[in-house]
Amino acid sequence: MSEYAESADGASKPSRPSRPGRHGGIGTIQRLAMNRTGSFDWDLETRTMNVDAAGLAVFGVDPGTFDASCPGSLVELLDPEERERLNLAVDEAVSSGAHSYSVHFQVPMPDGERQWTHAQARILRHPDGTVHRIVGVVRDATAEVAHSAFVLDLEKSRERQTSIVERTTSAMSRAVSVDDVTAALAGPGGTARLGCEGVTLGLMENASLNVVAVSGRTLEAFDGLGSGGLDRKLPLVDTILSGRPRFITSPADLVRRYPALKAHEEQLGFSSAAYLPLVAQARSLGGLAMFYTRRMAFDADERILCLGLAAIVAQSLQRATLFDEEREFATGLQSAMLPRRIQEVEGGEIAVRYHAARDGRQVGGDWYDMIALPNGRYGLVVGDVQGHDTHAAAIMGQLRIALRAYAAEGHPPGTVLARASRFLAELDTDRFATCTYAQVDLGSGALRVARAGHFGPLIRHTDGRVGAPQVRGGLPLGISTYFGNEEFPETRLDLVPGETFVLFTDGLVEEPGADIDKGVEVLTQEVRAGPPEAEALADHLSHRLWERWGSDDDVALLVLRRSPDVGSPRAPRLHQYIHQADPQGLSDARSIVRQALADWDMADFADDAELVTGELLVNVLLHTEGGAVLTVEVLPEPVLRIRLSVQDRSSAWPRRRTPGETSTSGRGLLLMDAVSLRWGIEPRGEGKAVWCELGPAARPAAV
């Protein structure tokens, strides 16, 4: 059925319909419409359309007024949009060679209602494909379409409710602590997940209400309507105390139920709200309020949805509260096993940090310690017992006490670790532990370090560079005894004034799924970028790295800084340690000396100082088995002079030689004698120091 009549040769020609009357036969139309289905026969060659009485009744047309020679008159009854829909369906079917078409469209009825109508027809063609006749049926499809729309809306509503439940359940399943629950409800995407525009979560604590989460424009966001005493004049408290949900369909409904809120009626940014009690195992935990900017009728399905969400949140809160309580107990136990305080050290500053893993209910096995030793020395310990449970914590506590006892006896680091390994092996456990133990003398800066399967230390030098000394190590504690290999070789280092010594456990550098060397590299960068003070640097590392990737594991951190020795404005001084395994250290030392003399307005002596520095350091790095400590200072009295000193651990003193013309060595002391005012050698601790002085005064004889 179309406003265009198809001719026998397939050409479309406009018909000239006359609009039929739609009055005078309403009773007849209503009686015929009872059938709701009629038929039509459209002859395109004669350009006539025969429609039975039932078919005309579907269109609301009195049979006595219809003219079969004007088939387009029925289409003229339709609104332009519906007419276009019908024409398009018919024209597409005819032009495409189809043999049928089916289309729904709306027909305005005499009583003002709009009726959905369905037309379905068969297209008859000549052998050459031209259309000569269309026959079909029309019927009232209003009930059918309305039912389909209802079913579609119902399906959409149920899909939305199912999606809300699935998203909320998924978010709550990942929530471990109460903070996680509040973040899932009130954090980014929380209200969208719940299908509302605002949310409030209040918990019962000591006979009072504590609002722990607010998102969006909610009632509890106003002063005096949130946390506090249990005032039943407020809807959230009333819901919690009564244990019954409250469904608010409008602000007026809210004020009617709770007159105390009359003053806030104009400020409310929502139209509807659902106040829901949170109950788990017959225990009232608090209340959840969800706010909507749209009007909500809260039919049965909506109420069931809200109550289901409340049940999910309540169960998650109960689980999270239990986790927080167990975690608080566990971390308290762990803290009790660690030193309550670290004593102040003379000649330096020390800082320690411990962070428990965020995941898991049990304590871990990481620990730190500082032990006062004879002769003003200190023992520094950082270790990690295998596992993250109470057994690991118990082993850690026993091992820490044993290691303190062995260290206090005055044993060297290698012996302390060997005895600790034997102690762990004798315990009734299959756990092992890793550990780094160091003895430091802050007066001389001497460090003696041993490792048992653990990370070596980092040292931040006075110029900001960070080095990772090659500290030799043995097997983890317990394993080494099991395999009969209790060798823990000792490495000797020097900590010059102003340098910082850093010990850590793997939780600070271990990123899940990444190479641990990458984590050590990042830690090195952060030590370099952090502040020089021990406490400030410990805070910097804890914040930057534990927050970044260390939250899944325990973290123990120990930072020791030797007090800087900068001399005085008239007699400045610098210290620098050059490690034997650092090829860049020699070049850096020469540059540091030149820059220091320039800063001290003594650049005239920079060439000689740089030359002597290179010679002294090369002798140490070539002829000893360790690094060297370079000290450069200004001696203001009685004549301004520069003093350079290089200290090492070798007891062998250099001797002057007379090299031949072709010799490639042996000229270092001769060169120093030629450019310095005086020089000498003196014993220093376990080794010696070679020194020289440069300046403008006449050079006296060597001593």
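Predicted model: local features only at pLDDT ≥ 70, side-chain atom pairs only at ≥ 80, totals over all residues.

With a relative accessibility of 28%, G228 counts as partly exposed. If you show its surroundings and set aside the neighbours within four places in sequence, G228 is in contact with S208 and L209. The C-alpha atoms of G228 and L209 are separated by 5.3 Å, although these two residues are 19 residues apart along the chain.

From there, select A207, which is placed in the loop between β8 (198–205) and β9. A207 has a phi near 60°, a positive value in a residue other than glycine. At 63% relative accessibility, A207 counts as exposed.

**The whole protein**

Now zoom out until the entire chain is in view. The protein has 18 helices and 28 strands, and of its 703 residues 50% count as buried. The accessible surface of the protein comes to about 32,900 Å², and 50% of this surface belongs to carbon and sulfur atoms. Of the contacts with a separation of 6 or more, 62% are accounted for by residues 24 or more positions apart.

In soluble globular proteins, nonpolar side chains tend to be buried together. To look at this here, select L380, L403, L417, L477, F501 and L560, which touch the most other members of the largest nonpolar core, a set of 54 residues. The largest share of this core, eight residues, is contributed by helix α11 (residues 390–408). Apart from it lies another core, of 34 residues, with V181, L201, L305 and A310 among them.

Take L477 as the next selection: leaving out residues up to four places away in sequence, L477 touches a list of residues that includes L399, L417, A420, L424, F432 and F488.

Then colour helix α11 from end to end. The end C-alpha atoms of α11 are 27 Å apart, which agrees with the 27 Å that its 19 residues should span at 1.5 Å a residue. Among the buried residues of α11 are I395, M396, L399, R400, L403 and Y406. Following α11 is G410, whose phi is positive, near 90°.

**The aromatic pairs**

Next, show the aromatic side chains, for which the count comes to seven aromatic pairs. One of these is formed by F247 and F298, a tilted pair with 5.1 Å from centre to centre and 45° between the planes. F247 lies in strand β10 (residues 246–248) and F298 in the loop between β12 (283–292) and α10 (300–337), so this pair ties together parts that are 51 residues apart in sequence. F247 counts as buried at 7% relative accessibility, and F298 is buried as well, with a relative accessible area of 4%.

Another pair to select is F270 and F291, whose ring centres are 4.7 Å apart and whose planes stand at 55°, so the pair is tilted. F270 lies in the loop between α9 (251–257) and β11 (272–280), while F291 is in strand β12, so this pair ties together parts that are 21 residues apart in sequence. Both F270 and F291 are buried.

For the last stops, select helix α17 (residues 606–623), whose 18 residues should span 26 Å at 1.5 Å a residue; the end C-alpha atoms of α17 are 26 Å apart, which agrees. The buried residues of α17 include A609, V612, L616, L617, V620 and L621.

Finally, select R643 and W691 together. The charged end of R643 sits over the ring of W691, at 4.2 Å from the centre of that ring.

How values were computed. Residues numbered from 1 in each chain as written. Heavy atoms only, no water. Helix = DSSP H or I, 4+ residues; strand = E, 2+ residues; numbered from the N terminus. Expected span 1.5 Å × (residues − 1). Buried < 20%, exposed > 50% of the residue type's maximum accessible area, 1.4 Å probe, protein only. Contact = heavy atoms within 4.5 Å. Core = buried A, V, L, I, M, F, W, Y, C linked by side-chain atoms within 4.5 Å. Phe/Tyr/Trp six-rings, centres within 6.5 Å; stacked < 30°, edge-to-face > 60°. Lys NZ or Arg CZ within 6 Å of the ring centre and 35° of its normal. Areas by Shrake-Rupley, 256 points an atom, 1.4 Å probe, with all protein chains shown as cover.
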